[in-house]
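Open the model in your viewer and keep the sequence beside it. This tour says what to select at each stop and what is there.

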Amino acid sequence: MQPLNIKLYDLARAKLHLKDSDAMEFVSTIHELQENLKENLVTKDFLSKELSDTKFDILKWLFIFWVGQLSITIGIVLMLIKK
């Protein structure tokens, strides 16, 4: 066991009044939770890629919106000119 786990084991036994097996299970559960937290962290590269993909999607939809607005405006102006 690592020194930090031994210290946690001793604290669980002394302060929580746990049996040996319960204290070991407590320490192993905390260790597993810590490992799961490390696995679920987001890296800077992943976050950067996700942000750039999101920016691209926003720009794509803005372009489609602008083209639609421009076509409607041109249609209205042509309709007013013909009358």
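Is Asp53 buried, partly exposed or exposed? Select Asp53: its relative accessibility is 34%, so Asp53 counts as partly exposed (buried means under 20% relative accessible area, exposed over 50%, partly exposed in between, with a 1.4 Å probe and protein chains only).

Before the next stop, some notes on reading the model. This is a predicted model, in which local features need pLDDT of at least 70 and side-chain atom pairs count only at pLDDT 80 or more, while totals for chains, interfaces and linings use all residues. Residues are numbered from 1 along each chain as its sequence is written, and side-chain values use heavy atoms, with hydrogens and water left out.

Lys49 and Asp53 form a salt bridge, with the closest N and O atoms 3.0 Å apart (a salt bridge is a side-chain nitrogen of Lys or Arg within 4 Å of a carboxyl oxygen of Asp or Glu). The two residues are 4 apart in helix H3 (residues 44-82), so about one helical turn separates Lys49 from Asp53. Helices here are DSSP runs of H or I with at least four residues, and strands are runs of E with at least two, numbered from the N terminus. Lys49 is partly exposed, at a relative accessible area of 48%.

The structure holds 2 salt bridges. For the other stop of this kind, select Arg13 and Asp20. A salt bridge joins them, the closest N and O atoms being 2.3 Å apart. Asp20 has 43% relative accessibility and so counts as partly exposed; Arg13, at 35%, also counts as partly exposed.

Next, select helix H1 (residues 3-15) and helix H2 (residues 20-39). Their axes come within 9 Å and cross at roughly 135° (axes are lines fitted to C-alpha atoms, for helices over the stretch in contact, and angles run from 0 to 180 degrees between N-to-C directions). H1 and H2 are therefore oblique to each other: angles under 35 degrees count as roughly parallel, over 145 as roughly antiparallel, 65 to 115 as roughly perpendicular and the rest as oblique. Show the side chains of the contact (heavy atoms within 4.5 Å): H1 contributes Asn5, Leu8, Tyr9, Ala12 and Arg13, and H2 contributes Asp20, Ala23, Met24, Phe26, Val27, Ile30 and His31.

Stay on Ile30, which is found in helix H2. Ile30 has 31% relative accessibility and therefore counts as partly exposed. Draw a line from Ile30 to Phe65: they are 35 residues apart in sequence and 51 Å apart in space, C-alpha to C-alpha.

Last, select His17, in the loop between H1 and H2. His17 is exposed, with a relative accessible area of 67%.
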